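The following exercises concern the protein shown below. Each gives a task and then a solution in steps.

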Amino acid sequence: MTAHDWETWKLSHAFRIGSGTTPTSSDARYYTDSDGTPWVTTAELRENYISSTQQQVTQDALDDFTALRVYRPGSVMMAMYGATIGRLGITEIAATCNQACCVFEASEQFDNRFLFYWLWHRRDNLIAMSVGGGQPNLSQQDLRKERALCPPLETQRRIARFLDEKTARIDGLIEKKRALLDRLAEKR
């Protein structure tokens with residue numbers, strides 16, 4: 001099978017797509033430092049895996065705010081507006097999120113790491129679809145309409161593994177360069 005034979009899927013046909021909300025911040029019953037449900041904000045979307053969050057919400061928050069849905073580990077999250085528009089993350093934990101995140105939870109057709117890289121590849125095009133004067137906004141409806149190439153699952157996994165390895169190598173090189181620049185600055 002060649003790339004010409006790959007199917008194209010509308011994301012809304014392949015994924016469970018959702019979002020979240022922000023519980024009332026002035027009500028201490030809704031937030032906790034430990035033993036809560038991780039709550040992802042767009043500030044935590046940095047093109048990497050999310051294994052913990054700065055804030056956690058309580059069971060009261062989950063009970064009182066029906067838009068707070070807990071998504072499974074492996075969910076891909078994308079920032080839909082503001083300074084972080086287009087930023088991505090993949091959860092390693094079950095988590096909920098605020099309303100600025102679009103969540104792609106599970107699919108039988110796609111490997112979520114493949115989707116992560118697909119959305120990263122499409123980011124500039126997706127941001128170009130955003131509307132709004134002072135603050136560009138991507139709508140969840142636009143993301144639902146987005147189409148993605150859908151190679152066989154094993155091919156997706158191989159592509160994702162390859163990109164994981166290459167991005168880790170690049171990140172390592174960037175870190176070495178940053179350390180070298182820090183040492184040079186010290187010598188000056």
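The accessible surface of this protein, a predicted model, comes to about 10800 Å², and carbon and sulfur atoms contribute 49% of that surface.

**Exercise 1. Describe the overall build of the protein.**

Step 1. The secondary structure consists of 5 helices and 11 strands. The C-alpha trace spans about 55 × 50 × 35 Å along its principal axes.

Step 2. Of the 188 residues in the protein, 42% are buried.

Step 3. Consider the contacts with a sequence separation of 6 or more: 73% of them join residues 24 or more positions apart.

**Exercise 2. Classify the ring pairs Tyr31–Trp39 and Tyr117–Trp120.**

Step 1. A pair of aromatic rings is described by the distance of the centres and the angle of the planes. The search of the whole structure finds 8 aromatic pairs.

Step 2. For tyrosine 31 and tryptophan 39, the centres are 5.8 Å apart and the planes stand at 70°. Because planes over 60 degrees apart count as edge-to-face, this pair is edge-to-face. Tyrosine 31 and tryptophan 39 are both buried.

Step 3. For tyrosine 117 and tryptophan 120, the centres are 6.1 Å apart and the planes lie at 10°, so the pair is stacked. Both residues belong to helix 3 (residues 112-128), where they sit 3 residues apart, about one turn of the helix.

Step 4. Tyrosine 117 counts as buried because its relative accessibility is 11%, under the cut-off of 20%. Tryptophan 120, with a relative accessible area of 30%, is partly exposed.

Step 5. Elsewhere, Phe15, Phe104, Phe110 and Phe114 form one aromatic cluster.

**Exercise 3. Locate threonine 22 and list its contacts.**

Step 1. Threonine 22 is found in the loop between strand 2 (17-18) and strand 3 (31-32). With 32% relative accessibility, threonine 22 counts as partly exposed.

Step 2. Leaving aside residues up to four places away in sequence, threonine 22 touches Tyr31, Trp39, Phe65, Asn98 and Gln99. Among these contacts are the two members of the edge-to-face pair in Exercise 2.

Step 3. The C-alpha atoms of threonine 22 and alanine 61 are 9.2 Å apart in space, although 39 residues separate them in sequence.

**Exercise 4. Are aspartate 35 and glutamate 47 buried or exposed, and where do they lie?**

Step 1. Aspartate 35 is a residue other than glycine with a positive phi, near 60°. Aspartate 35 lies in the loop between strand 3 and strand 4 (37-40) and counts as exposed at 81% relative accessibility.

Step 2. Glutamate 47 has a positive phi near 55°. Glutamate 47 is placed in the loop between strand 4 and strand 5 (48-50), and is buried, with a relative accessible area of 15%.

Technical notes. Residues are numbered from 1 along each chain as its sequence is written. This is a predicted model: local features need pLDDT of at least 70, side-chain atom pairs count only at pLDDT 80 or more; totals for chains, interfaces and linings use all residues. Side-chain values use heavy atoms; hydrogens and water are left out. Helices (H or I, at least four residues) and strands (E, at least two) are DSSP runs, numbered from the N terminus. Buried means under 20% relative accessible area, exposed over 50%, partly exposed in between (1.4 Å probe, protein chains only). Contact means heavy atoms within 4.5 Å. Accessible areas come from the Shrake-Rupley method with a 1.4 Å probe; for residues, only the protein chains shown count as cover. Rings of Phe, Tyr and Trp (its six-membered ring) pair if their centres lie within 6.5 Å; planes under 30 degrees apart count as stacked, over 60 as edge-to-face and the rest as tilted.
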